[in-house]
Amino acid sequence: MSDYTIKALTPETFDDFAAVVERNKGMFASCWCTWFHPACAEKGQTAEGNRALKQRLVAEGIAHAALVYDGDRAVAWAEYGSPDELPNIHHRKEYDATAERPPDYRVTCILVERSHRGQGLAAVALRGAVELIAQAGGGRVEGYPHDTAGVRKKNASFLYNATRTMYEREGFTYDRPKGQGNCVMVREVAASTGAA
């Protein structure tokens, strides 16, 4: 895994992010990883509108992701942010009914480019998000992976936030179920030395 590097999604890395999204046909229904962001006029209208929205949110500093690079090419990412930045989660009603306290951050989407799947890059992306959260001061981090009971699904493209097993390997603990086949995983992330 040492051949891969992590960079934050910023205005400077947006074109790298855009390239991997375009190679993957805009993501699910051309969402450009905007589904979890708050509702607004641009969202969900067109692929171009979603792209523009994501670029605007990145420029405003309210869209975050850890980009995984293979050389100079981004090949995976993990989207993360505060609940205010990413309020739209699947099974929200059940989640709210069982929540005891909100997280400081949530990881909402992990994508690995098809040609790089099966190499552990979802874990690398999640690790990158945790590292960037630590640099930002750390806190309680939640992820909402699929709880596949350790059985690998045949079509990984539907695992938009990886699996419970992977989160457990990355130091997250099971908190509770969330909808059919999903769960809430939690990890307390300490601030890294020199965190802002």
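Q: Which residue just after H2 takes a positive phi?
A: Gly61 does, with a phi of about 75°. The model is predicted, so local features need pLDDT of at least 70 and side-chain atom pairs count only at pLDDT 80 or more, while totals for chains, interfaces and linings use all residues. Residues are numbered from 1 along each chain as its sequence is written, and side-chain values use heavy atoms, leaving out hydrogens and water.

Q: How do you know that the length of helix H2 agrees with its number of residues?
A: Helices (H or I, at least four residues) and strands (E, at least two) are DSSP runs, numbered from the N terminus. The expected span of a helix is 1.5 Å times one less than its number of residues. For the 13 residues of H2 (residues 47-59) this gives 18 Å, and the end C-alpha atoms are 18 Å apart, so the two values agree.

Q: Which residues of H2 are called buried, and what do they pack against?
A: Buried means under 20% relative accessible area, exposed means over 50%, and partly exposed lies in between (1.4 Å probe, protein chains only). The residues of H2 that fall in the buried class are Gly49, Asn50, Leu53, Lys54, Leu57 and Val58. They pack against helix H1 (14-23) and strand S3 (73-81), where contact means heavy atoms within 4.5 Å.

Q: Why is Cys40 called partly exposed, and why is Cys183 called buried?
A: Cys40 has 28% relative accessibility and therefore counts as partly exposed. Cys183 has a relative accessible area of 0% and is therefore buried.

Q: How many disulfides are counted?
A: A disulfide is a pair of cysteine sulfur atoms within 2.5 Å. By this rule the count is 0 disulfides.

Q: What makes Asn182 buried, and which side chain does its own side chain contact?
A: The relative accessible area of Asn182 is 7%, so this residue is buried. Asn182 lies in the loop between strand S6 (173-177) and strand S7 (183-189). A polar contact is a pair of N or O atoms within 3.5 Å; within protein, one must be able to donate a hydrogen and the other to accept it, and residues adjacent in sequence count only if both atoms are side-chain atoms. The side chain of Asn182 makes such a contact with the side chain of His146, at 3.5 Å.

Q: What makes strand S2 largely enclosed by the rest of the structure?
A: In S2 (residues 64-70), 5 of the 7 residues are buried, so the strand is largely enclosed.

Q: How do you know that S2 pairs with S1 and with S3?
A: Two strands pair if DSSP finds at least two bridges between them. S1 (residues 4-8) is joined to S2 by 5 bridges, antiparallel, with Thr5 opposite Tyr69. S2 and S3 share 7 bridges, also antiparallel; among the partners, Leu67 faces Trp77 and Ala66 faces Ala78.

Q: Why are S1 and S6 called edge strands?
A: The open sheet of 7 strands has the order S1-S2-S3-S4-S5-S7-S6, with mixed pairing. S1 and S6 are its edge strands: each pairs on one side only.
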